[in-house]
Amino acid sequence: MSRALPVPVVLGHSDELGILALQDLGDVTLQAHLGAASATEHAALYRQAVSLIEQLQRRGAELQSDRYVPYTIAFDVDKLTWELNFFAKHFVEGYRASPFGAAERDALDAEWAAIVQELASEPRVLCHRDYHSRNLMLHDGSLYIIDFQDARMGPDTYDLVSLLRDSYVDFTEAQVESLIAFFLALREGRQPSQDPAEFRRRFDLMALQRNLKALGTFGFQTTSRHNTVYIQYIPRTLNFARGNLVRYPRFARLRELLAEHLEELR
């Protein structure tokens, strides 16, 4: 890109080996730094992180071309559905050992279809795809973005959801509201006017899908990879999912289906 976002400098590469040598940004992730940050610094860092999402979307639109792989793949119906099925298989049926019956599975598929059809039909922007506190490094007082190899097209809420419904960090509802408002203010004049309530509804829908997908990953890592480090993040992520299932009447049936297997969602 002719105007780069803050990412590590590429020092060298081997196409044959599929290896990149990148600038060393140190060991301090945003997540690691938060424990030592004051409330003022915490707020400033997250405003910086939100502003980088706006820059990524804006610059991504300017440079859009099928020459670049991320513009040729997207969060489409197949991808979003696969992620929700991954949650059902690896978290509910795998980690929690609570299989769905055939009738439940049919009902669940109908709920998945309604969610993914709406998300896949939204106008697409360039998304980092995993934009959270562990993929933002603090280096020389500024944030740098790493782990961007899965970038693809998707809803404009996706990266903001990744940041503000992060399985590794707690936010107050006031903080979430403030940072969403900040994001919308940054886009003012560059994007069609967006009703804040409608944007929040779309944000919450995206959050539900992504948080369920994250639970699938945590279940898979625990049961298939025998990596138990993610168990500690399951309660927070379940709480995020429950919040949106309760908030919107449209999810009453989905909550009922899932609560039969996950008591935290009751």
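How many nonpolar, polar and charged residues does the lining of the second largest pocket have? By class, this lining has seven nonpolar, eight polar and 13 charged residues, where Ala, Val, Leu, Ile, Met, Phe, Trp, Tyr, Cys and Pro count as nonpolar, Asp, Glu, Lys and Arg as charged, and the others, Gly among them, as polar. The model is predicted, with local features requiring pLDDT of at least 70 and side-chain atom pairs counted only at pLDDT 80 or more, while totals for chains, interfaces and linings use all residues. Residues are numbered from 1 along each chain as its sequence is written, and side-chain values use heavy atoms, leaving out hydrogens and water.

**Pocket**

- The second largest pocket has a volume of about 540 Å³; a pocket is an open set of points on a 1 Å grid over the protein atoms alone, where a 1.4 Å probe fits, with protein on both sides within 12 Å along at least five of seven lines.
- A volume is the space filled by probe spheres set on the points, which are joined across faces, edges and corners.
- The pocket is lined by 28 residues, lining residues being those with an atom within 4 Å of a point.
- Asp130, His132, Arg210, Lys213 and Thr217 lie nearest the centre of this pocket.
- Helix H3 (77–95) and helix H7 (196–223) each supply at least two lining residues, and H7 gives the most, with eight; helices are DSSP runs (H or I, at least four residues) numbered from the N terminus.

**Cavity**

- The structure holds one cavity of 30 Å³ or more, a cavity being a set of points where the probe fits but cannot get out.
- Arg201, Asp204, Leu205, Tyr248, Arg250 and Phe251 line the largest cavity, whose volume is about 30 Å³.
- The lining of the largest cavity has three nonpolar, no polar and three charged residues.

**Helix H4 with helix H9**

- The axes of H4 (residues 102–120) and H9 (residues 252–259) come within 10 Å and cross at roughly 140°; axes are lines fitted to C-alpha atoms over the stretch in contact, with angles from 0 to 180 degrees between N-to-C directions.
- H4 and H9 are therefore oblique to each other, since angles under 35 degrees count as roughly parallel, over 145 as roughly antiparallel, 65 to 115 as roughly perpendicular and the rest as oblique.
- Glu104, Ala107, Leu108, Glu111, Trp112 and Ile115 in H4 meet Arg253, Leu254, Leu257 and Leu258 in H9, contact meaning heavy atoms within 4.5 Å.
- This contact has seven nonpolar, no polar and three charged residues.

**Helix H6 with helix H7**

- H6 (residues 173–187) and H7 pack at an angle of about 115°, with their axes 11 Å apart.
- By class, the contact of H6 with H7 has seven nonpolar, no polar and four charged residues.
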